[in-house]
Amino acid sequence: MYDVPRTAVLILGTGGTIAGVAESPDQHTGYRAAALSVEQLVAAVPALKDYDLETRQVAQVDSKDMSFAIWTELHREISAALKDGQLDGIVVTHGTDTLEETAYFLARTLMTAKPVVLTAAMRPASALSADGPQNLLDAVRVAADPLAAGVRVCVHGEVFPGHAVRKRHPYALNAFTSSRAANATVEVGFYTTPAGLPEPLRFDPDLPWPWVEIVGNHAGQDARTVDALVSAGVRGLVLAATGNGTLSEALLDAVRRAQRSGVEVVVVSRCAEGHIVGQPDHGLPVLGVTAVQARVELLLLIRWKASIARAPA
Ligand code: SIN
C-alpha cells in the first residue's frame, strides 16, 4: 500500500460574517461580525480533519472596514505561503461586503499556479442554519484541487474567477454572481482558466496608495464633483457610466479636463448586471468589471506607473 499524502491547505482569517455571532440563533441581522477566530471556524467543521491545515489570523474585521494595510499584509502572507512547496492551496475567510474588491486585488497581483480561494458567509456562525461551515469546507476542497489554480471565490457551492465576481444581494444565501457566470460548482468540479485576465501587475508594498474615487453618471449630473475632486488632489476616477458606457456632456467635459491635469480615468457601466460591450464614442478606456473592482485596477495601475518611474534606468 502506498501512503497517499494528505492535502495541505493554509487558511487565513480576516473576519466577516462567517466569523460573526448574534445574540440568538434565529438572528440573521444585527450580529457582531468578526467575533470568532479562524481556529474556531475550522473546529466547527469535523470533515476538515481529513486535511493538513494550518491557520493564521491576518485580520479580524467587518469587511466594510477593509484597509490597504490589511491588503498589503494579506498579499505578503499569501506570497510567502505560495513559495512553500509542501502547501497545496490557500483559503481566505472574508466578509462578503468587500469580497469582490479583495478578490480582484489578489487576482491582479499574485503570480500563482496554486489555488487561492476566498470564501465568506451571509449568515453568522451562530445561526440555526449557518452557511459558513459548508462554504469553508467547499473552499478547502477547491483549494486542494490543482485544477482550481488561480484566485477563486467559492460561496454557496459555486466557484467564481477572482477578477469577475460581484455581490448582487444584501441577504440572499446565493448573494454572488459574475458577468461571466460561475466557472465551476463544487459538486461538478469543472474548472476553466479565467478568461480575459491580463498578466498580474507587479505589487510593491512600499509604495503609497493613491486617491481614487468613483463618480456616477445620473440625471442632472454636471461637472462639479469631478472638478472638486481634481482640485482636492484625486489621482484616479472610475466613471460609473449609464447603460453601455455613456456620460453626460458636462461630466465628459470635466473628465477631459481631469485627464489633461494627469488624472487616470476608466469607465464601467453602472448597470447591476453585464458590462460595457465595444468602445463608446467618447473613447475613454473601459473595463468589464464592477465599479469597485475598477477602482482597485486604477489603484494598482497608478502604483505600477509610480514603480516604473522610480526604477533605476
Ligand atoms: C462583512 O462584510 O464583514 C460583513 C457582512 C458579511 O460578511 O456578509
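## Basis

The model is predicted: local features need pLDDT of at least 70, side-chain atom pairs count only at pLDDT 80 or more, and totals for chains, interfaces and linings use all residues. Residues are numbered from 1 along each chain as its sequence is written, and side-chain values use heavy atoms, without hydrogens and water.

## Ligand site

Gly 16, Thr 17, Asp 62, Ser 63, Gly 95, Thr 96, Asp 97 and Ala 121 surround the ligand (a heavy atom within 4 Å). The protein covers 95% of the 250 Å² of accessible area that the ligand has on its own (Shrake-Rupley, 1.4 Å probe).

## Strand E4

Strands (at least two residues) and helices (H or I, at least four) are DSSP runs, numbered from the N terminus. E4 spans residues 115-119, and five of its five residues are buried (under 20% relative accessible area, 1.4 Å probe, protein chains only). Pro 115, Val 117 and Thr 119 point one way; Val 116 and Leu 118 point the other way.

## Neighbours of E4

E4 pairs in parallel with E3 (residues 89-93) over four bridges (pairing needs at least two DSSP bridges). Val 91 has Val 117 as its bridge partner. Four bridges also join E4 to parallel E5 (residues 150-155). There, Val 117 stands opposite Arg 152.

How values were computed
Buried means under 20% relative accessible area, exposed over 50%, partly exposed in between (1.4 Å probe, protein chains only).
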